[in-house]
Amino acid sequence: MKSRVRNLKTLDRVISKAGLGSRTEARKWIGAGQVRVNGKIIRTPDHWVDLDRDRVTVDGKPLLARSRAYLLLYKPKGYITTYKDPQGRPTVYDLIPDAGDYLFPVGRLDQDTSGLLILTNDTQFAEKMTNPAHNVPKTYLVKSSIRLSDEQLDQLRSGVVLKDGPTRPATVTRLRDSGNRTFLEITIIEGRNRQVRRCSKSSAPRCSNWF
């Protein structure tokens, strides 16, 4: 007889995947004794839960999977992509006060970047969108601080060596030159922190001053 493969996940991840809150929030609730598994208070976020057998409650309420939600948000400059900021800077959540259930961003846009941001409570969708193994392209419109030569654009196309390793080749299109600046379109299939802005001075001495 073939044994059943148990559907196990850590308790903090179970709460997060249900769309109730982030894993950070889940850990706080667990540590505060607000979470029970099969009627027993569990204070260990890494406690294994069998999704097919165990009953999880938060503040006495059964943990139920939320309806999947997907929100497309235009993030303006000046906002950071996080739930709370210790420095008190505005976050994207200030733009969606009536969103209802907790939604988390799919990827990040830094404070000085504007553009489309997807927020959802669907962790599987987010994984497919952000994991480089799925090769999901992300396109950025960029204004450089100098006029870029064809050689410099070719360098971006072939990949640049960053401190955390070489980037994958990118699709780069020159849109127009205006004065001493170049407007271009860059499509990448990675999601490193500030990847479009960063370059290694050792591999490209002037690249750090392009953007």
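Mentor: Buried means under 20% relative accessible area, exposed over 50%, and partly exposed in between (1.4 Å probe, protein chains only). Helices (H or I, at least four residues) and strands (E, at least two) are DSSP runs, numbered from the N terminus. This is a predicted model, where local features need pLDDT of at least 70, side-chain atom pairs count only at pLDDT 80 or more, and totals for chains, interfaces and linings use all residues. Residues are numbered from 1 along each chain as its sequence is written, and side-chain values use heavy atoms, with hydrogens and water left out.

Trainee: Now helix H4. Which of its residues are buried?

Mentor: H4 covers residues 150–158, and Gln-152, Leu-153 and Leu-156 are buried there. Down the axis of H4, the buried residues fall within an arc of 100 degrees, so they too line one face of their helix. Turn to the face away from the buried side of H4. There you find Asp-150, Glu-151 and Ser-158, which are exposed.

Trainee: Next, rings. How many aromatic pairs does the count come to?

Mentor: Start with the rule. Rings of Phe, Tyr and Trp (its six-membered ring) pair if their centres lie within 6.5 Å; planes under 30 degrees apart are stacked, over 60 edge-to-face, and the rest tilted. By this rule there are 2 aromatic pairs. In one of them, the ring centres of Tyr-70 and Phe-125 are 5.3 Å apart and the planes stand at 80 degrees, so this pair is edge-to-face.

Trainee: Where in the chain do Tyr-70 and Phe-125 lie?

Mentor: Tyr-70 is in strand S7 (residues 70–75), while Phe-125 is in helix H3. They are 55 residues apart, and the pair links distant parts of the chain. Tyr-70 has 47% relative accessibility, so it counts as partly exposed. Phe-125, at 25%, also counts as partly exposed.

Trainee: What are the centre to centre distance and the angle between the planes for Tyr-83 and Tyr-93?

Mentor: For Tyr-83 and Tyr-93, the values are 4.8 Å and 75 degrees, and the aromatic pair is edge-to-face. Both tyrosines lie in the loop between S7 and S8, so the pair ties together parts that are 10 residues apart in sequence.

Trainee: Is Tyr-93 buried or exposed?

Mentor: Tyr-93 has a relative accessible area of 13%, so it is buried.

Trainee: Last one. How many residues apart in sequence are Thr-173 and Glu-185?

Mentor: Thr-173 and Glu-185 are 12 residues apart in sequence, but 5.1 Å apart in space, C-alpha to C-alpha. Look for Thr-173 in strand S13 (residues 171–178). At 35% relative accessibility, Thr-173 counts as partly exposed.

Methods:
Arc of directions from axis to C-beta.
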